[in-house]
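Hi everyone, thanks for making time for this. Let me put the structure up on the screen, and then we can walk through it together.

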Amino acid sequence: MKNKSLISIKFSHTDHSLIRALSFTIAAMVLYIPANLYPFMTMKYAGQYQKTTIWDGIKSLYEGGMWGTATIVFMASIIIPVFKLLSLFFIITTEYLNIAFNARTSLLALVDFIGRWSMLDVFLVSIMVALIKFGDFATVSADIASYLLGIVVIMTMLASASLSVCYREEP
Amino acid sequence: MRNLILTLMIWIICFTAITFGISLTYSWYKNRGKDIYISFKDVAGLIPNQSKIMYLGVEIGKIIDMQLNEATKLPIVKARISRRSSTMIGKNSEFWIVRPELSLGSVRNLGAIATGDYIAVNPIKGEFSKTFIGLDADPVDDQFENGLKIFIKSSTASGIEVGSAVLFRDVQIGEVGHMNLSKDRNNVIIKIYVDDAYNNVIRKNSYFANISGFHASINLFSGSEISLNSIRTLIKGGITVITPNMNSAPAKNGDTFTMLTQEQFQALQNN
């Protein structure tokens, strides 16, 4: 018998991991908003600098004719994180409300599987930062949104990890 | 119990992250820029999402879009100016495009070669407005804010254009700012800016003469004679100042002088 009450101090293992996963998920969802609003990269070249948000980056890639790369970045930084966050939220709420949903474990496995791809932006920035260092002429530096995105990814990973614990302990 | 403490810690960390995220979103919402629309006659050289609006070298906004006005067929630049700067931009503010100029006549704004063309603004406080009409050229007034501004009345502006040099003993002491016809349309009023350092060169008794281009005179007795001042005045035109003596009172802002005719100038030189 599972104890569903939040007020009660006596939580089962499942409840603990559910609360952890839920708080990680909500925090990730909230942080994902400014991660999209703020610039994730500052490019400085030839005396001028440009701050780029994720959406700006996708747009300029697309307009530059690199629609393949644009699609990959769009998938990695918008579709996958949103899908991940929503499915985590969905898994947790259905579990919490004890709604029968058979595909839950496979959905979680999917979330776990695609999770690694959502770090792409952070990878991109770190590669750019490492590659483009020409002193005053051209430099790329990571901006606040890339840190936020990193935190979002870590939080979703922790959330799915907490959920996995919960499923492992369930018979 | 340890499980509970861990959950509580995670919950606190997440709560902090949530507060942080909400405050970041709120400050973004509060500081998001205001959109303004500036119409120009020509926006060549500006790039959306890259060109900036600058004031005294400080970026106060960015161009986000450029479109053509269907009615007037003039380009309209959509720019986003930062919230903090938007209080300075009243409806009378002046916008103009700064482009590098590299010609025999003048070398200006070379910085824009590296940074790209940008829009400069002369912010004038006042009621905020969404639409502006950009200037065709930069208001030179700013550059010579402390200098002397005088007018020269001339029957013709032949060879002289905005930016032409004003020379004294063949040293440039200023330049032509504006030119327009007088009210009765009989004369050209040339506004010249004299550099701050050379203010006292212009006296009440100064003469001005047009030395643009070259002058050829063919005389039956003395033969032909061609005089050419400098390549720069040949291309961009120029006005020379002659101040016979430095005893006269210095010219004041807004004084009007009359340009010597070619004959008068020649006579003066021969003396």
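Let's begin in chain B, where strand 11 (residues 165-168) runs parallel to strand 17 (residues 238-242), and four bridges join the two. Strands here are DSSP runs of E with at least two residues, helices are runs of H or I with at least four, and both are numbered from the N terminus. Two strands pair if DSSP finds at least two bridges between them. One bridge to look for is Leu167(B), whose partner in strand 17 of chain B is Thr240(B).

Strand 17 of chain B is also joined by four bridges to strand 14 (residues 207-210) of chain B, and those two run antiparallel. There, Asn210(B) has Ile239(B) as its bridge partner.

A quick word on provenance: this is a predicted model, where local features need pLDDT of at least 70, side-chain atom pairs count only at pLDDT 80 or more, and totals for chains, interfaces and linings use all residues. Residues are numbered from 1 along each chain as its sequence is written, while chains are lettered from A and ligands numbered from 1 in the order in which they are written.

Now over to chain A. Its secondary structure comes to six helices and three strands, in the order α-β-β-α-α-α-α-β-α along the sequence. Chain A has 171 residues, and 34% of them count as buried, meaning that 20 or more other C-beta atoms, placed from the backbone, lie within 10 Å of the residue's own.

How do the chains meet? The contact takes 19 residues from chain A and 17 residues from chain B, with contact meaning C-beta atoms, placed from the backbone, within 7 Å. On the side of chain B, helix 1 gives the most, with 12 residues. That side has nine nonpolar, eight polar and no charged residues; nonpolar means Ala, Val, Leu, Ile, Met, Phe, Trp, Tyr, Cys and Pro, charged means Asp, Glu, Lys and Arg, and the others, Gly among them, are polar.

Which residues have the most contacts inside the largest nonpolar core? They are Ala27(A), Ala28(A), Leu31(A) and Val152(A), in a core of 38 residues. Such a core is a set of buried Ala, Val, Leu, Ile, Met, Phe, Trp, Tyr and Cys residues joined through C-beta atoms within 7 Å. Helix 1 of chain A gives the most to this core, with 13 residues. Take Ala27(A): leaving out residues up to four places away in sequence, Ala27(A) touches Met155(A), Cys14(B), Ala17(B) and Ile18(B).

How values were computed
Buried ≥ 20, exposed ≤ 12 C-beta atoms within 10 Å, placed from the backbone. Contact = placed C-beta atoms within 7 Å.
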